[in-house]
Amino acid sequence: MGTALTHKWCVGPINGAVDDSLLPAMNDFADEARSRVAHLLRMANTSDHQVRARLIEYADRTPEPPIMDQAGIVTTGCPRCRGTAWRRQDAEGPVWVCGSCGHVAEVTVRCPHCGVDMEPPPPGAPDRWCCPTCPRTAATGERARDIEERERRRLRAVALLGKAVARSRAEG
Ligand SMILES: [Zn+2]
Ligand SMILES: [Zn+2]
């Protein structure tokens with residue numbers, strides 16, 4: 001937090017150029033921008049006027065429209081009021097936005113093996129964080145156990161593939 005992050009995107013480069021493959025995502029982006037307040041209010045699913053007012057205020061306050069996460073809705077407890085915070089994609093990266101008190105916090109995912117913050121997915125990409133120093137990947141809010149289990153499965157798959165290749169070479 002506070003430091004300038006140089007994101008080494010692991011899912012694809014994000015730069016000024018518009019790549020054809022990004023066009024559907026751009027359309028989603030435009031739709032999301034139009035219906036942003038409506039979407040936030042739908043997620044909040046509340047008739048509480050104060051909550052709705054805070055969400056509208058949040059939408060007005062942040063100039064870049066958050067992109068709807070392809071990974072779906074991810075929530076966590078708000079550290080300030082214990083309300084429900086939704087993960088949103090903001091200009092700076094993924095953030096938690098509390099629907100009750102409007103608290104905004106940076107989303108971080110820590111590599112359980114290296115103890116460093118993982119690189120967030122680029123805007124609009126699936127919820128896949130990558131460790132900058134090891135091959136581990138994670139989804140928001142995953143436990144260390146899940147992350148280590150995925151890495152074990154990956155290593156097992158790599159080992160099986162290696163054996164299969166060795167076998168086919170021996171037979172061929
Ligand atoms: Zn809160
Ligand atoms: Zn790591």
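The structure is a predicted model, in which local features need a pLDDT of at least 70, side-chain atom pairs count only at pLDDT 80 or more, and totals for chains, interfaces and linings use all residues. Residues are numbered from 1 along each chain as its sequence is written, while chains are lettered from A and ligands numbered from 1 in the order in which they are written. The chain contains four helices and six strands; here helices (H or I, at least four residues) and strands (E, at least two) are DSSP runs, numbered from the N terminus.

**Overall layout**

- The chain has 172 residues, and 18% of them count as buried. Buried means that 20 or more other C-beta atoms lie within 10 Å of the residue's own, exposed means 12 or fewer, and partly exposed is in between, with C-beta atoms placed from the backbone.
- Among contacts with a separation of 6 or more, 39% come from residues 24 or more positions apart. A contact here is a pair of residues whose C-beta atoms, placed from the backbone, lie within 7 Å.

**The four-stranded sheet**

- Four strands make an open sheet in the order β1-β2-β3-β4, with antiparallel pairing. Because β1 (75–77) and β4 stand at the edges with a single partner strand each, one side of each has no neighbour in the sheet.
- From one strand to the next, the twist averages 35 degrees. The axes behind such angles are lines fitted to C-alpha atoms, for helices over the stretch in contact, and angles run from 0 to 180 degrees between N-to-C directions.
- As background, strands of a sheet pair through backbone hydrogen bonds, either parallel or antiparallel. In this briefing, two strands pair if DSSP finds at least two bridges between them.

**Strand by strand**

- β1 and β2 run antiparallel and are joined by three bridges. Threonine 75 has tryptophan 86 in β2 as its bridge partner.
- Six residues lie between β1 and β2 in their hairpin, and arginine 82 in the turn has a positive phi of about 65 degrees.
- Strand β2 (residues 84–90) pairs with strand β3 (residues 93–98) over six bridges, in the antiparallel sense. Across this pairing, tryptophan 86 stands opposite valine 97, glutamine 89 opposite proline 94, and aspartate 90 opposite glycine 93.
- The hairpin from β2 to β3 passes through two residues.
- Strand β4 (residues 104–106) runs antiparallel to β3, with three bridges joining them. Here valine 95 stands opposite glutamate 106 in β4.
- Five residues separate β3 and β4 in their hairpin, where glycine 102 in the turn has a positive phi of about 80 degrees.

- Leucine 155 sits in helix α4 (residues 144–171). This leucine counts as exposed because it has 11 C-beta neighbours inside 10 Å.
- Proline 135 is 20 residues from leucine 155 in sequence, and their C-alpha atoms are 9.9 Å apart in space.

**Where to read with care**

- The average pLDDT of the chain is 75, and 72% of the residues score at least 70. This score is the predictor's confidence in each residue, from 0 to 100.
- Where pLDDT is low, the predicted coordinates should not be read in detail.

Conventions: Contact = placed C-beta atoms within 7 Å.
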